[in-house]
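Please look at the structure below before reading on.

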Amino acid sequence: MDECRFQEPLFTFGVIADVQYADIDDGYNYTRTRKRYYRSSLQLLKNALDAWRGARVPPLFVLQLGDLIDGFNKAHGASERALDAALRGFDSFPAPVHHVWGNHEFYNFSRSALLRSRLNSRQHADSSPGSAPARPDIYAYRFTPVPGFTFVVLDAYDVSLLGREESSEEYRGAMELIRRYNQNQDLNCPPDVKQRFTMFNGGFSQEQLDWLDAVLTSADEKQERVTIVSHLPAHPDSTDAVCLAWNCEELLAVIGSHKSVVCYMAGHAHDGGYHRDEDTGVHHLTLDGVIETSPYSDAFGIVSVYADRMELKGSGRVMDQLFLFS
Ligand SMILES: [Zn+2]
């Protein structure tokens, strides 16, 4: 008999992406090819919280991979109300929730408002020096739930037209960058090449990449296992080309220069994706989004962490996945 089947995990954590809740009737995506279940997404979030609560080994924390409420809330003046409704379930949850920021967060709130909001989970960062970038407007941090395992939350809209004041240096820099690749009048329309240069995506500043590099150098030295989470996928074989982070190549170069990274998790694409980078051994997971999941299914997972691997147990659309450490 396989004794692995009865091995206790060191710990578990929950994952969920793209709830995009809004109290409006069902609709469709931008290209009208996929149905979006705006109202019932809240019930699917509750299903996830109930399942995690009842798990044999309950999660030590939850990763919410961004786009918790939909941009449509803004037009209905319902941003705060929708956010309250979506966060209500998390409030009574007995473990910390790490919130990642996606484009829909910025459709509803400015960056400064988000930093003051309950979607800022930086209070769960490590208390040691260097657990966040020196620039406080970059929403990134490191946390270590169990010695030997570090998690990094990255800000994929650090360089973006979203959430930045139009008069700011950051906005001007992001506009210059996107215009280099995208000549369309509507910047939400992808260009023919480098399709990721659209307004609904963004990237990582040099400051953030330098900070990540320092975090990973320290993790290498301590022989830690690092999982990085952000809203935008980084590996071209883990998702659709239109969903990638603007400077995914630079991020992959930083990740590839360190031994400690085992996994990169993202949302945003709504269709799940997975690819193991052959050069680095890093597992790239794109989680299926709740918003395009039928009310009769589910889209969340629980990850069990062992000394030599992580095992994702998916619910509904989310497929099981094994992440063996190199
Ligand atoms: Zn998104």
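## A helix across strands

Helix H7 (residues 206–221) lies across S6, strand S7 (149–153), strand S8 (225–229) and S9, and runs at about 175° to S7. Helices (H or I, at least four residues) and strands (E, at least two) are DSSP runs numbered from the N terminus, and angles, from 0 to 180 degrees, are taken between the N-to-C directions of axes fitted to C-alpha atoms, for helices over the stretch in contact.

This is a predicted model, in which local features need pLDDT of at least 70 and side-chain atom pairs count only at pLDDT 80 or more, while totals for chains, interfaces and linings use all residues. Residues are numbered from 1 along each chain as its sequence is written.

## The sheet

Six strands form an open sheet of mixed pairing, in the order S6-S7-S8-S9-S11-S10, where two strands pair if DSSP finds at least two bridges between them. Strand S6 (141–146) and strand S10 (273–276) are the edge strands, each pairing on one side only.

Strand S9 (residues 261–266) pairs with strand S11 (residues 283–286) in the parallel sense over four bridges, and Cys263 stands opposite His283 in S11.

## Two packed helices

The axes of helix H1 (residues 41–53) and helix H3 (residues 79–91) come within 10 Å and cross at roughly 10°, and the two helices are therefore roughly parallel to each other (angles under 35 degrees count as such). Leu42, Leu45, Lys46 and Leu49 of H1 and Ala85, Ala86 and Gly89 of H3 make the contact, for which C-beta atoms, placed from the backbone, must lie within 7 Å.

Notes: Contact = placed C-beta atoms within 7 Å. Parallel < 35°, antiparallel > 145°, perpendicular 65-115°, else oblique.
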